[in-house]
Structures are given as structure tokens and as C-alpha cells.
Protein chains: 2
Amino acid sequence: MKCKFCNKEAEVTIRYPRMHLCENHFKEYCENRVKNVIDKHRLIEKDEKLLVAVSGGKDSLVLAYILNKLGYEFEGLHIDLGIEDYSEMCKKSSKKIFSEIGLPLHIVKIKKLLGRGIGEVKTRRPVCSYCGLTKRYIMNKFAYDNGFTAVATGHNLDDESAFVFSNILHWNIDYLSKQGPLLEAEDKFVKKIKPLYELRDKEISLYASFAKIEHVTKKCKYARGATSIKYKKFLDILEKDNPGIKLNFIRGFLRNRKIFKKKDFELRECEICRMPSQGKRCAFCRFWRLKEPLMFQ
Amino acid sequence: MKCKFCNKEAEVTIRYPRMHLCENHFKEYCENRVKNVIDKHRLIEKDEKLLVAVSGGKDSLVLAYILNKLGYEFEGLHIDLGIEDYSEMCKKSSKKIFSEIGLPLHIVKIKKLLGRGIGEVKTRRPVCSYCGLTKRYIMNKFAYDNGFTAVATGHNLDDESAFVFSNILHWNIDYLSKQGPLLEAEDKFVKKIKPLYELRDKEISLYASFAKIEHVTKKCKYARGATSIKYKKFLDILEKDNPGIKLNFIRGFLRNRKIFKKKDFELRECEICRMPSQGKRCAFCRFWRLKEPLMFQ
């Protein structure tokens, strides 16, 4: 089978939109998808001061690689979660790609900053839940404190469609109106963008392999039972029968998400860190029992 | 394993809400579910003149059986679709149950009324699609012409959850605000009710078997490829992992369906039959190329 765009042998078959592609044209296809999402949703403005959050996994490293290839300027942020060897591997992969593309990478070490690593806190709260809280807070505060105007993350089509799907299935719809590839800045919340919004998990894996992007494939030991995996599997079954259903589902969601609109609640300032908060103290300062605001060296 | 409510051996295990039941208490459970839906959604008013539409399949026959057992007065309507032996079997089962419960059953023969049976019309439209149109129209017009104030159908939890699910998945959401166990009367549209809204397909089959309700189990030859079957299968996979997800999905939908509200469009009178119509002629009179309104003898 020949590539759709040249005479080379095709190495990849994409089921929706259906086409056979050689390695180079597959990579181009992925890069175009990212560019299209950025343009269509106006993710990156001129003079944007962009921070790209990288975990060490395929998604965020491919994101950094493609954004660099597309000519965007940015800096990286890696959060060292302090989960033994796993975090060491993640840090190593993140550093490698940033040294290859020649852009600065900031590293924030949770254990140094907060005294304990992820998984070392005694709490009834699931590890993935407070890990998410911690990463979101640090990404935003680091960006805000350092004058970045946008934070990009590696969320992909499978992540996003499973998220929306499971929230509709359980009618947890209060926050759906704000879900999407772009979350505008508000108060001290820096703009968040997801340029891989229309790329599938498998496409990103293949891209990483073709572009020889070393990344951590081992799953975090705490993530094993994550419920999101169940909905991803389920959507995979649907996708097998209906190629394109994930993409069309998420695009239909974006066209219709205004129906999920909920009144915004009042935000005030956390009395510890002065970041936006629903209560007197924000969830982050409460969880980590901070008495002083978190400061990055 | 003993029945939850008596000393008899349990014959059925319901996964959500989890319980083991003997034959009699299982039947009582089903009847209570129907009664609860009728009461909670006020499906049947005092002095309701109720028409129960029966196809000859398990759902509608169980519906007629349970409504009678619960003490409701009603008459039946069976539409003979004119699909050879299949329709003969359906008619026979419908007549049998009505003769057993001692209530009147009206039979409307499509072939006699419209010249051709379902499946005998030359059209590009799928058979299931114009069969649905025809049945809905006849149910409503028969009820309206004969002074019935409500039409009950045998739609069950699996039908309804698959319908809502597939419509959200494809974002065909314009008509979701009116979906539910109760569709109020409007203009010449008689009220429609679905008392089996919270009973599962399997529960109804088992009920029919315990209550010895003879019904047609053969599928209509035109229904084989119906896409709704696909979504039912998917929801079955989800339900297996999460007992109760269908019920909670559909209940969550009912709590939230106002978000799907769409402006009502103006209805006028069909110039042939004087029933409500979006265009000059209604879809039914157009499809069957009627020049006179359909009249029931």
C-alpha cells in the first residue's frame, strides 16, 4: 500500500479520516493536527509567554517536540513528584528532550518544596486526586509568579473524550462548560491550553516512536486502578465500530457545551497564598497544611 | 440463597439494587417498580381514558398484564403491520392476553387501511423508519379520534437509556428535552406514557416467563441491523462493570434534561388529516400519499 501523499510504502493506516501514510507524512499529519487546533481555537497569541508542562510521558514530550518544530518559543516545567525511581526516569526524559530542542526547562521538586513526595502523605484522599491538585496548583502558580501567560499540557483526544463521556454518563456536568482545548485566563488563573486535543493516544505513541522521542512508558504505581482507564477502554470499543466517533463526540461537545453553563461562584483570595480560592484557604494550602505561600527558588 | 423477603429459595438475583428474590417477590418487585414510576411521574390521572399499545412482544404484553394487575382500567390497541406470519403471531399473542385479562382490544390492520403492509412500500427510506412513523401516527390518531386521554407503550429502561445515550454521543440533542416517561398532551397529540421506564429488558423477560405470558420472541425480519441494538450492547458492557449505571444515567438525564431545551417550532394543521404538522402535509400523509384522512372503522 502506497502513502496517500508520496510514492513511499505506507507504514500507518489511520481509520478516520481514512488514509495510509508513510512515516514522514504521518508525522506531518500529526503536526498539522496540532497546528489546526492551535489556529482554530486561537490557543497561542502573538507574544505569548508560553510554559509547557512536561511529565516525562509520551504526550507532553511529543507536545514540546511538535511545538518546537512548529516554531513556537516556550519554556518547560517539569514537576518532580518524588516517587522514587519512577520520578527519576521522568525527570531524565524531560531533561533530554529540552536539551535536544535547546529550550530552558524548569524543575520543581515537590519533596524539597513540601517536605514529602506524592504517595508519602498520610491522608484518606486517593493519591491520584491530591497529585492532580498539587500539579495543577504548581503549574498555575509557577506560571503566574514567573509572568507566563499560558500553560500548555499534553491532554489528548482519548483523555478528553473519556473525561467528558464519564462526566455526562454520571451527570457531573457543572464544570463541563469550561472543558475544552482552551481555558481563558481569569483572575490569577493563567490561561490553559491543550494543543493535542485532536490527537489520539495511539497516534502520539507512534509519533514518539518515529521521532525517536525517549519517554517513560511505565505507568505510575499509583495510577493502576484509575477509573478513567475504564471509560477509555469503552470508547475504544465504540471507536472500533465507528471510526471517528471520539473526534466527532468531542467536536459535538465543543459546539454544544454552552448548554452545561452553570453560574460562576464567587472566588476570594486564599489567606495563605493569595491565589483564588472558594474558601478562606485554597484546597492546596489546606491539603499541604501550609502556613506560608509556596515559593519557587 | 434465600429470598430477601421470605423463606423460599431465591430464583433471581438483581444486581442493582442488589437482592435475591423468589419468583413471587420478583414479580412484586417488578409491579412495584411500575407503580412507582406511575406515581412519581404522575403518568395516569384519575378518570384517565387509557389506551395501551401492544405489539405482541414481551414488553407491551407485560405492560398490559401489570397495569391490569395494578387495577387500572384500559383498552388495548394492536396494529397489524401486515408482515406475513410474523404479524399473525403478534396478533395472536396480543389477543390472547386481552382475552385473559378480559379487557377490549382494538385491532388496526395497516394493509387494509393503507393498501400495503410494512415492507411492501417502494421507498428509499429504511423500513424501521417508516414503520415507526406509521405506528406513532396511528397510535395517536386512533387515541385522539376515540377520545382516549393517554397512550401507554412498552418502552423499557434499555430502550430509553440507549436512545438518550446514542443521541448524546452524536449530539442529536434537539428533542431530548421532551424525552422521558411522560410526554404531556399538546394540541391533537394525546399524552404518551412509558410505565416500564425503569424495568430492564431481562427483568421483563423473566417476568413474562414467571407470569406465563405468551409472547413473540422472534425478531422482526426488518429489525436485524437496527443501530439501537449496538448502543444497548455497549450499555450492557458498562452495566456489567457498574451495576445500576443505566438506571442512574436515565434518572440523571431526567433531572438535567431541561438543559436540552430548544425553542418549540410552530405547528400547523395537515391539509389532509388536520392533525398537527410541521409542513402543509404531515409526514404520515406525505409518506402514504393520502388524499383523504385515515379513518378507523
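A salt bridge is a side-chain nitrogen of Lys or Arg within 4 Å of a carboxyl oxygen of Asp or Glu. By that rule, one salt bridge crosses the interface of domain 1 of chain A and domain 2 of chain A. The model is predicted, so local features need pLDDT of at least 70 and side-chain atom pairs pLDDT 80 or more, while totals for chains, interfaces and linings use all residues. Residues are numbered from 1 along each chain as its sequence is written, chains are lettered from A in the order in which they are written, and side-chain values use heavy atoms, without hydrogens and water.

**Domains of chain A**
- The domain assignment (automatic or from a database) gives domain 1 (38-217 + 225-263) and domain 2 (267-297).
- The contact (heavy atoms within 4.5 Å) takes 22 residues from domain 1 of chain A and 16 residues from domain 2 of chain A.
- About 1800 Å² is buried between the two domains, 78% of it on carbon and sulfur atoms; buried area is the accessible area (1.4 Å probe) that two parts lose on being put together, summed over both.
- On the domain 1 side, A:Leu114, A:Tyr137 and A:Lys188 lose the most area, together 33% of what that side buries.
- A:Lys188 also forms a salt bridge with A:Glu269, with the closest N and O atoms 3.2 Å apart.

**Relation of the chains**
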